[in-house]
Amino acid sequence: MYRTPSQFTLEIAAGSGFRIMNRESQRGVESAMVRNSAMVAAARPENVPGYAGADVFDPGAFDPAALQRGEKITVGGRPAFFTTGLTLPDGINGNMIGGATTGVGWQTDQNAWVVVAGDPEDTREQLLQVAEGVRLHAPEQARAPFRFTGLPAGQELTFLSLTGVHVQIGFGEGGVPSVAGLPRQLPLSAHVYPTSNPDWSAISHDLGEPTVIGDFATWYPPRPNGTYGGTDTGADMIVRTGGCVLELHTDNRMQITRQDLTAVVEHTTIGDCTDPAGWLPPIG
């Protein structure tokens, strides 16, 4: 296996003038939303539109035919292609718009494909600026401010998104992960963010009195609850500890019950949401 959905291999070189705003990983592909460093000045940079999407497809997970019909170029001395007719699969970070767009891509020594995609009006030179900064390394385990050790049977990590101190994870099969957002229609997903997030103030106002599980204050509002979307057959468990909020979401509360979610919380370690230096691999 080239890598797992809980691993990353993509970086942007220091001094390139670009930085990664969001990372996503799922089976077959990892993605990064890349932004021009000089343009990142917002108080909440995760809401700043992306400059380009960089994707690394596992060997065999990408059809390069359309890309290879484009112009032959080089990236970092490696043979590559530029095209204005690139169409990427749904649900990955690089696919920031619908339909065909511009893209630069090349194959690695491990037979993975790296694709840097932009807007249709982006030029070859603009995309090359980003592509020249792409660096790949051996797969590294992602880290999060929590660790799960009591997941329901059969719930394997299949989706991971990191945006600053916000972490989103999806388990199981079904649905297509959203671009830089929560997985849709997955059996189980989790979202962790600091209590300083303005969204928490609005959400907590309507939750009522908590139930204590271990050291955690928790809430379980079955859907529809007016706070979260998703299927009416789903449910949500919200956990607050210190400066962290952990949300657990299921699209089927008959498949993953309140008791299942309670067991997840009982076997979860939650650390400091604001200090990535102390984060752990999310599955223990």
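The legends below describe views of a predicted model of the protein.

**View 1. Overall fold of the predicted model.** Four helices and 18 strands make up the secondary structure of the protein. The chain has 284 residues, of which 51% are buried. Where contacts link residues at least 6 apart in sequence, 56% of them join residues at least 24 apart.

**View 2. Strand E2 and its cover.** E2 spans residues 18-26. Of its nine residues, eight are buried, and the strand is thus described as mostly covered. E2 pairs with strand E3 and also with strand E11.

View 3. Strand E3 covers residues 29-36 and runs antiparallel to E2. Eight bridges join the two strands. Phenylalanine 18 of the pair faces asparagine 36, which belongs to E3. Two residues lie between the strands of this hairpin. Glycine 28 adopts a positive phi near 95° there.

**View 4. Pairing of E2 with E11.** Strand E11 is formed by residues 157-163. Its pairing with E2 is antiparallel and consists of four bridges. Glutamate 24 has serine 161 of E11 as its bridge partner.

**View 5. E2 with both partner strands.** E2 is shown here together with E3, to which eight bridges connect it, and with E11, to which four bridges connect it. Both pairings are antiparallel. Asparagine 36 in E3 stands opposite phenylalanine 18, while serine 161 in E11 is the bridge partner of glutamate 24.

Terms used
Residues numbered from 1 in each chain as written. Predicted model: local features only at pLDDT ≥ 70, side-chain atom pairs only at ≥ 80, totals over all residues. Heavy atoms only, no water. Buried < 20%, exposed > 50% of the residue type's maximum accessible area, 1.4 Å probe, protein only. Contact = heavy atoms within 4.5 Å. Pairing = 2+ DSSP bridges.
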